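Welcome! Please take a look at the sequence and structure below before reading on.

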Amino acid sequence: MRKLRILYVASEINPFLQVSEVAEFLRKLPQAMQEKGMEIRILIPRFGSINERKNRLHEVVRLSGINITVGDDEKPLIIKVASIPTAKLQVYFLDNEDYFNRKYVFLDKEGSFYDDNDERTIFFCKGVLETVKKLGWAPDIVHCTDWMTSLIPLYLKTTYKNDPVFKDTKSVFTVYNNSFDHKFDEDIIEKAKSMDVSDENLSNLRSADFEGFIKIGCQYADAIVRANEESNEKLSKLLNEIAANTIEASIEDDNVTETYFNLYTELVPE
């Protein structure tokens, strides 16, 4: 059996950044899959709270220099890399001065949600796929974690569906209860567009809120995972409506790595 290639995409990972329980789990799961013989890549945003010197980040010049379109704007993408101490795993960091050169992650120092978190998300999701294209590394599975990665399954099924790097790629979307109350501007649809992405493709994002991101991730992913044992009532109702391809994989479950291993191998049969 050939090695499965798993691309993990998230907004945080220990030891570089922890905002929620996602970070510690994402630290453990890729290593567990690597130990089972899978080939792993990990991509996250380079939020300003990640200390580059302390964590020994350095730019990967051959991957940098791509421009990512967000609405009418084009933003340069810088790629950095660092290794996880005590593990043979590299993490790629997607950076842009306008979006990520801040002291805080999703909230400013007053605790207000950044108005451009939608743009940061769109930039990140598009940037992930362009970075992997430039790597020339064709993943069997892209495992998207939490709302900030939710547009990737959409782009895989539209813009990148015929791309040689992604034509056989399956996506997994893990939903966490990291909800927010902010509502973005209605131009989010125009910002999120890409080649072969129509208004209809983005219809679930019209609500311009947390639920909209979750809905669109669930709509296009090949498998959906509910990660929290406890989720808010609205999120539970939403996930129950799409339960046909939803599985449970609680972080607290001792067998959670086996659950994911089985999911991956079922999605990509020999």
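## Starting at isoleucine 66

Is isoleucine 66 buried or exposed? With a relative accessibility of 13%, isoleucine 66 counts as buried; buried means under 20% relative accessible area, exposed over 50%, and partly exposed in between, with a 1.4 Å probe and protein chains only. Before going further, please note that this is a predicted model, in which local features need pLDDT of at least 70 and side-chain atom pairs count only at pLDDT 80 or more, while totals for chains, interfaces and linings use all residues. Residues are numbered from 1 along each chain as its sequence is written, and side-chain values use heavy atoms, with hydrogens and water left out.

Isoleucine 66 sits in strand β4, which covers residues 66-70. Helices (H or I, at least four residues) and strands (E, at least two) are DSSP runs, numbered from the N terminus. Setting aside neighbours within four places in sequence, isoleucine 66 is in contact with Lys75, Pro76, Leu77, Glu130, Thr131 and Lys134; contact means heavy atoms within 4.5 Å.

## The annotated domain

A UniProt annotation from an unreviewed entry, "domain: Starch synthase catalytic", covers residues 5-225. UniProt positions are given in the numbering used here, feature names are shortened, and annotations may be inferred rather than shown by experiment. In the model, the span of residues 5-225 is 29% helix and 23% strand, and its end C-alpha atoms lie 19 Å apart.

Helix α1 has 14 residues, and from its first C-alpha to its last it reaches 20 Å, close to the 20 Å expected at 1.5 Å a residue. The expected span of a helix is 1.5 Å times one less than its number of residues. Why is α1 largely enclosed by the rest of the structure? The reason is that 10 of its 14 residues are buried. Among the buried residues of α1 are Val22, Phe25, Leu26 and Leu29, and the cover over the buried residues includes β1 (5-9), β2 (39-45), β7 and α9 (256-267). After α1 comes glycine 37, with a positive phi near 95 degrees.

Helix α4 runs over residues 117-135, 19 residues that reach 26 Å from first C-alpha to last, close to the expected 27 Å. Because 16 of the 19 residues of α4 are buried, this helix is also largely enclosed by the rest of the structure. Glycine 136 follows α4 and has a positive phi, near 70 degrees.

## Empty space inside

Rolling a probe the size of a water molecule over the atoms shows where empty space is left. On a 1 Å grid over the protein atoms alone, a cavity is a set of points where a 1.4 Å probe fits but cannot get out, and a pocket is an open set with protein on both sides within 12 Å along at least five of seven lines; lining residues have an atom within 4 Å of a point. Grid points are joined across faces, edges and corners, and a volume is the space filled by probe spheres set on the points.

The largest pocket holds about 220 Å³ of space. Its lining has 13 residues, of which Val19, Phe106, Phe113, Trp147 and Asn178 lie nearest the centre. By type, the pocket lining has seven nonpolar, four polar and two charged residues: Ala, Val, Leu, Ile, Met, Phe, Trp, Tyr, Cys and Pro count as nonpolar, Asp, Glu, Lys and Arg as charged, and the others, Gly among them, as polar.

The largest cavity has a volume of about 30 Å³. Its lining is made by Val22, Phe25, Leu26, Leu29, His143, Thr145, Thr174, Tyr176 and Tyr260. The elements giving two or more residues to this lining are α1 and β7 (141-145), with the largest share, four residues, coming from α1.

## Backbone details in the loops

Most residues other than glycine have a negative phi, and most peptide bonds are trans. Aspartate 146, although not a glycine, has a positive phi of about 80 degrees; this residue lies in the loop between β7 and α5 (152-157) and is buried, with a relative accessible area of 3%. Aspartate 196 has a positive phi as well, near 65 degrees, but at 53% relative accessibility aspartate 196 counts as exposed.

The peptide bond from asparagine 14 to proline 15 is cis, with omega near 5 degrees. Proline 15 is found in the loop between β1 and α1.
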